[in-house]
Each structure stands twice: as structure tokens, then as C-alpha cells.
Amino acid sequence: ISLIFEYGKFRPSDTYATATALVFYSIGLAAYSAVKVLVPAFYALENTKIPVVSSVLSVAVNVILNIVMVRYLGYKGLALGTSITAFLNAGFLLFAFNLKMKRTGAVFRLFPMMRGFVVHAFVAAAMGAACYYTVKGLSIIVPDHFMSSLIGRVSVPLMRGLRVVIAVAEGSAVVYLLAKVFRLNETIEMYELFAGKAIRIVKRITGRN
């Protein structure tokens, strides 16, 4: 956020406020993703009633949570209320889907899914901690105006961009290594897929076979 927006009238306090809201929104990322998978699953079973009921209930709960939480947390309460609603929506759909599978005699294993969620949450927390302390340390060692005497105003976005690139590379490495440790095959496959595509792109650019 500081790299893209923190210039001119957009001050550090604005960056902090925006980042805080983004953090509270990001809490619900897993739930948002789960809903995007579960709703089409019901459509595939020719059941549109449950997704509609879930959607209506989610809107009602979201409004109530936002009204209550904004009184105590301000704008952060809006973001947190939205994330909590996403988890309630995903939980409702997951429970209904599990119930429907049992009625049809199919087996829907919740334990492996919950284990995967817990392990991925740990990996994400480890990645976040590593990136946070790295960026914090780089901000002290290499501040925004580190090269201002040489390249002027360009030094600020350059230094911020450098920290972002280092953090992204570090975060990717941490996730990949922990995925190897915990044998998260889907995550490893995703990394290898993107790595393969990146290698092919580089080869095309350099003209190598």
C-alpha cells in the first residue's frame, strides 16, 4: 500500500488505516474461496434453494454485525464483520453439503479438509511473520530516502519496491519449504506448475530450447 499510494497527501497514517482494513478483510479469504467452490457444487446437484437461503442469511447477518462492530472498531469493524459473515456462510454451506451427501449415501470427509485448513493457516502465519520482520528490518537498514542524494525522488518508490520484491520472494520460499515439510501436495504442485511456466517463458525470451 505504501509503494502504490503513500505519496503526496496520502500520509503514513492513511497507509496504516488502509492496511489495517485490508488485514481484517484478508481474514475471510479462505471462507470467500470456500463459498466460491461450495455454491457451484450445489448447482451441480440441481439444488439452488440452499445457496439462495445462505446468501439471504449472510446479507442479514452481515448488516447486523457491521452495525454492532462499527460502534466498537469503526471502519475496521466493517471489514471484520464481512470476514466473519464469510466464515458463517461457508460453514452453513459446508454443513448443508455434508448433510446432503449423507442422505444420498455418499461419503464427504470433513477431517482431512479441516486438517488442511489448520496446516495451511500455520504456514500462512509463518510466512506472514517472516515477511513482517524482514520488511521491518529492511525499513531500518534501507530507509525510503536511502539513495535520495543519488537519484532524487525516485529513491522512495525504488526502496519500497525493493522491499516488496524481497518480501514476496521470501514468502514464496517459506511457503514452498513448509509445504515440503508438511507434504502439502497441492501447494507443491501449484509452485511447480508456475515454476515450469516461468522457465518456459524465460526460454522463449532467451531463444533457448
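**A walk through an all-helix model**

Buried residues make up 26% of the 209 residues in the protein chain; buried here means under 20% relative accessible area, exposed means over 50%, and partly exposed is in between (1.4 Å probe, protein chains only). Keep in mind that this is a predicted model, where local features need pLDDT of at least 70, side-chain atom pairs count only at pLDDT 80 or more, and totals for chains, interfaces and linings use all residues. Residues are numbered from 1 along each chain as its sequence is written, and side-chain values use heavy atoms, with hydrogens and water left out.

The chain has nine helices and zero strands, taken as DSSP runs numbered from the N terminus (helices H or I, at least four residues; strands E, at least two).

Now look inside. The largest nonpolar core has 13 residues, and Val35, Phe42, Ile50 and Leu93 touch the most other members. Such a core is a set of buried Ala, Val, Leu, Ile, Met, Phe, Trp, Tyr and Cys residues joined through side-chain atoms within 4.5 Å. Helices α3 (29-44) and α5 (75-103) each supply at least two of its residues, with the largest share, seven residues, coming from α5. Leaving out residues up to four places away in sequence, Val35 touches Pro40, Ala86, Asn89, Ala90 and Leu93, a contact being heavy atoms within 4.5 Å. There's also a second, separate core of seven residues, including Leu178, Ala179, Leu184 and Ile188.

On to Val63, which sits in helix α4 (residues 49-73). Val63 counts as partly exposed because its relative accessible area is 43%.
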